[in-house]
Amino acid sequence: MADITEIKHRIKSIRDTHQITKAMELISVAKMRKAIQKQSFSSVYLDSVRYTLKDIMLHSTDIRHKYLKRRPGGRAAYIVVAGDKGLAGAFNGNVLNLAWKHMQEHPVHYVITIGQMARAFFEARHQTVDLEFTHAVASPTMHDARGITWDILDLYDRNLMDEVYVIFTRMHTTALHEPTLVKLLPIEAKDIEVDLKNEYSAQLSYDPSPKEVLNVLVPQYLIGVIYSALIHSSASEHAARMMAMSNANKNADKMLDTLGLEYNRLRQSSITTELLDLSSGRFFTENNAQQKVGQRHG
């Protein structure tokens, strides 16, 4: 059984940890709200780009673009988005396990990681990381998305890969985060995540030309997919960390309550023992005094 000194030390340690987890929870709440706000600001424009591109692909018979053409090689490149640190529950594990499972079923030619946890995951499994982007998920910007997209397109244009997948965590609600795999290249209408509301059969006309229109829309679509993946992953990470820290705080409160009761019980027992010792000592003192008085009179 633990003594009072040990319990006091444990209570202090738990309280110190509780202060840290509480601060991390509040920070994650603030960062999650900022990420959600960024997503809401950009989603209208990005959805419009997706809608327009899919509309063109479904209602045009003769459109040609290098990023829409399928390649026969099957060399897959993976862009895996995870966090820069842990303490976020199963957030990193779920998305990285999804990526690893898909890689076992396809010929992996390139691995691009975003976030330090993704790099560490693949290095631990002796999988070469060909390109790495660090700290892009801490506070994603459109500048980050453009830089990543141009680097990927450069590799694709040099014919170093045939298809590109993006694996990230999609945030549906604060409590629901789903690891998701999206095909980035080549672009196919079925992979564009938007529903066309108005179906029609007429052909589209382009100004100045289909090639010029696609040259503008396609890069914007690709940048939008990368940016959306970064934002969703960032929001999901902060939401997962918020939940993990909230659970840690609840567990700390329970442990403090249990240790507080144990401390009070031991303290009360110690006080009772001290009182008994004092009473016993007084009894023996008085008894000895009476015996000495009796011996003198005798």
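Helix α2 covers residues 91-103, and its 13 residues should span 18 Å at 1.5 Å a residue; the end C-alpha atoms lie 19 Å apart, which agrees. This comes from a predicted model. The protein has 298 residues, of which 41% count as buried. Its secondary structure comes to five helices and five strands, and from the N terminus on the elements follow the order α-β-α-β-α-β-α-β-β-α.

**Helix α2**

- Where do the buried residues of α2 sit around the helix axis? The buried set is Phe91, Asn92, Val95, Leu96, Ala99, His102 and Met103. Seen down the axis of α2, these residues fall within an arc of 125 degrees, so they line one face of the helix.

**Helix α4 and what follows**

- Helix α4 takes in residues 142-157.
- Buried in α4 are Ala145, Ile148, Thr149, Ile152, Leu153, Leu155 and Tyr156. Viewed down the axis of α4, they fall within an arc of 155 degrees, so the buried residues line one face of this helix too.
- Thr149 is worth a look: at 3% relative accessibility it is under the 20% cut-off and therefore counts as buried. A polar atom of the Thr149 side chain lies 2.7 Å from the backbone oxygen of Ala145.
- Just after α4 comes Asn159, with a positive phi of about 60 degrees.

- His18 belongs to helix α1. With a relative accessible area of 19%, His18 is under the 20% cut-off, so it counts as buried.
- Which side chain makes a polar contact with the side chain of His18? The partner is Asp253, at 3.2 Å.
- Ala252, in helix α5, is buried with a relative accessible area of 9%. Between Ala252 and Arg15 there are 7.7 Å in space, C-alpha to C-alpha, although they are 237 residues apart in sequence.
- Leu266 also has its place in helix α5, and this residue is buried, with a relative accessible area of 10%. Leu266 and Asp3 are 263 residues apart in sequence, yet their C-alpha atoms are 7.5 Å apart in space.

**The largest pocket**

- As a reminder, rolling a probe the size of a water molecule over the atoms shows where empty space is left. In this model, the largest pocket holds about 190 Å³ of space.
- How many residues line the largest pocket, and which lie nearest its centre? There are 15 in the lining, and Arg50, Arg170, Glu193, Ser228 and His232 lie nearest the centre.
- The elements that give two or more residues to this lining are α1 (4-58), β4 (163-173) and α5 (210-297). Helix α1 gives the most, with five residues.
- Sorted by class, the lining of the largest pocket has six nonpolar, four polar and five charged residues.

Key:
Residues are numbered from 1 along each chain as its sequence is written. This is a predicted model: local features need pLDDT of at least 70, side-chain atom pairs count only at pLDDT 80 or more; totals for chains, interfaces and linings use all residues. Side-chain values use heavy atoms; hydrogens and water are left out. Helices (H or I, at least four residues) and strands (E, at least two) are DSSP runs, numbered from the N terminus. The expected span of a helix is 1.5 Å times one less than its number of residues. Buried means under 20% relative accessible area, exposed over 50%, partly exposed in between (1.4 Å probe, protein chains only). The arc is that of the directions from the helix axis to the C-beta atoms. On a 1 Å grid over the protein atoms alone, a cavity is a set of points where a 1.4 Å probe fits but cannot get out, and a pocket is an open set with protein on both sides within 12 Å along at least five of seven lines; lining residues have an atom within 4 Å of a point. Grid points are joined across faces, edges and corners, and a volume is the space filled by probe spheres set on the points. Ala, Val, Leu, Ile, Met, Phe, Trp, Tyr, Cys and Pro count as nonpolar, Asp, Glu, Lys and Arg as charged, and the others, Gly among them, as polar. A polar contact is a pair of N or O atoms within 3.5 Å; within protein, one must be able to donate a hydrogen and the other to accept it, and residues adjacent in sequence count only if both atoms are side-chain atoms.
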